[in-house]
Amino acid sequence: AWSHIDGNILATSATNGAVSIWDINKFGRNKQVNVYHDHERTTHSVVFHQADPNLLLSASQDSTLKLFDLREKAQAVSTFSSTESVRDVKFNPFACNSFASVSENGTVQLFDIRRSEKFVQQFTAHSGPIYCLDYHPTQQWLATGSRDKLIKVWNMSSAKPTLEFTIHTIAVVGRVRWRPERKFHIASCSLVVDYSIYIWDVRRPFIPYASFNEHTNVTTDIAFKGVPDVLLSTAKDSTIYKHATKEAQHPAAAANPQSGSINYRGDLLFVCKTKTKPTPPAIPSSGSTTKLNFLKKTSLDTVDSGSVVLNDSFHLAKSS
């Protein structure tokens, strides 16, 4: 994790629990400013405070979170206990003393850095272990990704968090990152099976808005480069990719827009793309019970006249 204040300061976590502080301006061994050995097992995540350059949080497999003050070289200044292994942690951008963590028991815990004795709030978010979380930069939304193949977006503006959106993926969610300058867009990658990176519009929970399919092994991390159109990714195929969203594939554009269904009463419902005014259905002969429903649906994300319209929004169709 990079410091938000000092561009030369970097923190790393290791499988032996060590948390290292680096100054890339220095030379040789002096680059490693300090190493903390407070954790007993793998440290999964480190994150700097957004306003105080001296504060650093870490989350570990040993079911603890540690708050480090970089001016204190010996050890952590506070320890926060969780009921299960902690997989990720993030400071709340809207409350400087608050942070959230996610655990392998499917719970989200909210803490105050001034009160280390117990969490402020806890709620069950998923039916399986939660591996990642990310605060929205402009909305009071917290996104969580889990082994249950779901990404959930929680509204944190009220006393009790409420579920705002749910995205259904096809594999275990390993990382989630909100897309800068796009209110409803979030990127995700998988821990197993699926090597692709997706950008989702949270209002469309089943089909990704965009996908990147360059990696040939599991994607281990993703990050936007401070702008909405540049995404970086690392993977177990030993590559780092810099993706441009204009080169992404758009799964919705390749989806089949035709479908049909018939119910137990014999009613037929079908949907199809139309470019011209549809011909009115023939009036059924007397005594016939055939009933045809024509519903017209348009979308800015789908193929239109042979080209893909790459708008960041889509038409939310409703029908009675």
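A charge is taken to sit over a ring if NZ of Lys or CZ of Arg is within 6 Å of the ring centre and within 35 degrees of the ring normal. By that rule, the charged end of Lys118 sits over the ring of Phe119, 5.3 Å from its centre. The charged end of Arg203 sits over the ring of Phe184 in turn, at 4.1 Å from the ring centre. The model is a predicted one, in which local features need pLDDT of at least 70 and side-chain atom pairs count only at pLDDT 80 or more, while totals for chains, interfaces and linings use all residues. Residues are numbered from 1 along each chain as its sequence is written, and side-chain values use heavy atoms, with hydrogens and water left out.

As for the overall make-up, the chain holds 1 helix and 27 strands; helices (H or I, at least four residues) and strands (E, at least two) are DSSP runs, numbered from the N terminus. Of its 320 residues, 44% are buried, where buried means under 20% relative accessible area, exposed over 50%, and partly exposed in between (1.4 Å probe, protein chains only). The chain exposes about 17100 Å², of which carbon and sulfur atoms supply 52%; accessible areas come from the Shrake-Rupley method with a 1.4 Å probe, and for residues only the protein chains shown count as cover. Contact means heavy atoms within 4.5 Å. Among contacts between residues at least 6 apart in sequence, 41% join residues at least 24 apart.

The aromatic residues come next. Rings of Phe, Tyr and Trp (its six-membered ring) pair if their centres lie within 6.5 Å; planes under 30 degrees apart count as stacked, over 60 as edge-to-face and the rest as tilted. The count by this rule is 12 aromatic pairs. In one of them, Trp141 and Phe184 have ring centres 6.1 Å apart and planes at 45°, so the pair is tilted. Trp141 belongs to strand β13 (residues 141-146) and Phe184 to the loop between β16 (173-178) and β17 (185-190), so this pair ties together parts that are 43 residues apart in sequence. Trp141 has 6% relative accessibility and counts as buried. The rings of Tyr198 and Trp200, with centres 5.7 Å apart and planes at 55°, also form a tilted pair. Both partners are buried, Tyr198 at 15% relative accessibility and Trp200 at 3%. Elsewhere, ring pairs link Phe80, Phe91, Phe99, Phe111 and Phe119 into a cluster.

A nonpolar core is a set of buried Ala, Val, Leu, Ile, Met, Phe, Trp, Tyr and Cys residues joined through side-chain atoms within 4.5 Å. The largest such core has 14 residues, and Ile151, Val153, Val176, Trp178, Ile186 and Val202 touch the most other members. Two or more residues come from each of β13, β14 (150-155), β15 (162-168), β16 and β18 (197-201), with β16 giving the largest share, 3 residues. Beyond its neighbours within four places in sequence, Ile186 is in contact with Ala143, Ile151, Ile167, Val176, Arg177, Trp178, Arg179, Tyr198, Ile199, Trp200 and Val202. Another core, of 13 residues, lies apart from the largest one, and its members include Leu57, Leu65, Phe91 and Ile113.

Ala187 is found in strand β17 and is buried, at 0% relative accessibility. Not counting residues up to four places away in sequence, Ala187 touches Arg175, Val176, Arg177, Tyr198, Ile199, Ile222 and Phe224. Ala187 and Ala223 are 36 residues apart in sequence, and their C-alpha atoms are 8.7 Å apart in space.

Which cysteines, then, form disulfides? A search of the whole structure finds 0 disulfides, a disulfide being a pair of cysteine sulfur atoms within 2.5 Å. For Cys132, the nearest cysteine sulfur is that of Cys189, 7.7 Å away. Cys132 is buried at 0% relative accessibility, whereas Cys96 is partly exposed at 46%.

Most residues other than glycine have a negative phi. Ser63, although not a glycine, has a positive phi of about 70°; Ser63 lies in the loop between β5 (55-60) and β6 (64-69) and counts as buried, at 18% relative accessibility. Val193 has a positive phi as well, near 65°. Val193 is found in the loop between β17 and β18 and is exposed, with a relative accessible area of 70%.
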